[in-house]
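Here's a quick briefing to read with the structure open. Have a look at the fold, then work through the points by topic.

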Amino acid sequence: MKIVIFSIIIILPILNFAQQKTIKAEYPLPSGYSRVEYSKGSYAEFIQTMPLKGDKTIKAASGSIITNSLYKIWGVVDIPLLFKSDIEQCADYSMRLWAEYHKKNNKLNELYLFDYSGNRVYFKNQKKDFKGFLQNAFAYSNSSSIKRGCKTVSEKELQPGDMFVQNETGGIGHVSVIVDVCKNSKGEKLYLVGYSFMPAQEFHIEKAQTGYGIEGWFTLDGYNKYLDENLNFGKAVYKRFTP
């Protein structure tokens with residue numbers, strides 16, 4: 001009696017996972033412009049390569065979908081909110097990005113945020129984990145803190161990660177973040193800019209409309225005009241997190 005052994009070969013499909021879209025890879029450049037490149041491992045490069053969600057929905061901390069007639073959403077950054085409470089608004093999200101950069105690059109010992117007066121508070125000196133450190137910073141600092149604590153930069157220096165900070169009274173203000181930069185042969189620059197808002201919500205990239213920029217990218221004057229006409233929290237100053 002012969003025993004016949006059958007071998008069954010299971011052919012598994014080859015899975016081809018598409019790479020997640022990033023800011024740098026997703027947005028087309030206006031005619032005649034080229035993207036400004038930044039050093040690998042820099043904060044500017046981190047911002048340029050942030051991942052994007054597959055859709056353009058903005059979720060609030062509560063989990064509900066944000067609708068705002070002001071927004072012309074060009075994309076939503078895929079860095080979900082950490083908290084269900086209403087503490088991760090515009091200034092907080094700009095601090096969140098700075099913190100995520102340090103976390104990704106194993107530099108948490110160099111991470112600082114601010115107290116209300118704009119003094120640096122270092123992660124390494126606090127007896128808190130990453131989430132607890134951010135929660136404390138978001139609860140006790142705001143756009144005024146960023147204005148006081150961050151470096152002022154000129155128009156010519158602006159790069160991804162730099163912020164438009166509006167705060168004239170120390171109370172309510174607003175923070176927008178540059179996420180990409182391109183320029184033409186004349187040295188004229190265009191910017192992609194995004195922000196979180198109230199109530200606490202995910203960070204979206206705003207698409208420049210006619211009168212504010214070119215092919216979806218803002219001119220510097222155009223974004224300042226957008227702020228003056230739509231988010232009137234005072235004249236913006238340009239600020240940067242520095243080591």
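In which segment is Thr242 found? Thr242 sits in the segment after β12 (237–240). Keep in mind that this is a predicted model.

**The chain as a whole**
- The chain has 243 residues, and 50% of them count as buried.
- Taken along the principal axes, the C-alpha atoms fill a box of roughly 95 × 50 × 35 Å.
- Take the contacts in the chain with a separation of 6 or more: 65% of them come from residues 24 or more positions apart.

- Is Thr242 buried or exposed? Its relative accessibility is 18%, so Thr242 counts as buried, the cut-off being under 20%.
- Setting aside residues up to four places away in sequence, Thr242 touches Trp98, Tyr112, Arg120 and Lys151.

**Asn184, in β7**
- Strand β7 covers residues 174–184, and Asn184 belongs to this strand.
- Asn184 has a relative accessible area of 14%, which means that it is buried, again because the cut-off is under 20%.
- The side chain of Asn184 makes a polar contact of 2.7 Å with the side chain of Glu188.
- A polar atom of the Asn184 side chain also lies 3.0 Å from the backbone nitrogen of Lys186.
- Which residues does Asn184 contact once its neighbours within four places in sequence are left aside? They are Gly32 and Tyr33.

**Helices α3 and α4**
- Two packed helices are described by the angle between their axes and the distance between the axes.
- For α3 (residues 90–104) and α4 (residues 130–140), the angle is about 155° and the axes are 10 Å apart.
- Why are α3 and α4 called roughly antiparallel? Their angle is about 155°, and angles over 145 degrees count as roughly antiparallel, so the pair gets that label.
- The crossing of α3 and α4 is right-handed.
- On the α3 side, the contact is made by Asp92, Met95, Arg96, Ala99, Glu100 and Lys103; on the α4 side, Phe130, Leu134, Ala137 and Phe138 take part.
- Sorted by class, the contact of α3 with α4 has six nonpolar residues, four charged ones and no polar ones.

Methods
Residues numbered from 1 in each chain as written. Predicted model: local features only at pLDDT ≥ 70, side-chain atom pairs only at ≥ 80, totals over all residues. Heavy atoms only, no water. Helix = DSSP H or I, 4+ residues; strand = E, 2+ residues; numbered from the N terminus. Buried < 20%, exposed > 50% of the residue type's maximum accessible area, 1.4 Å probe, protein only. Polar contact = N/O pair within 3.5 Å; in protein donor to acceptor, adjacent residues only side chain to side chain. Contact = heavy atoms within 4.5 Å. Axes fitted to C-alpha atoms, helices over the stretch in contact; angles between N-to-C directions. Parallel < 35°, antiparallel > 145°, perpendicular 65-115°, else oblique. Left-handed = near helix turned anticlockwise from the far one by under 90°. Nonpolar A, V, L, I, M, F, W, Y, C, P; charged D, E, K, R; others polar.
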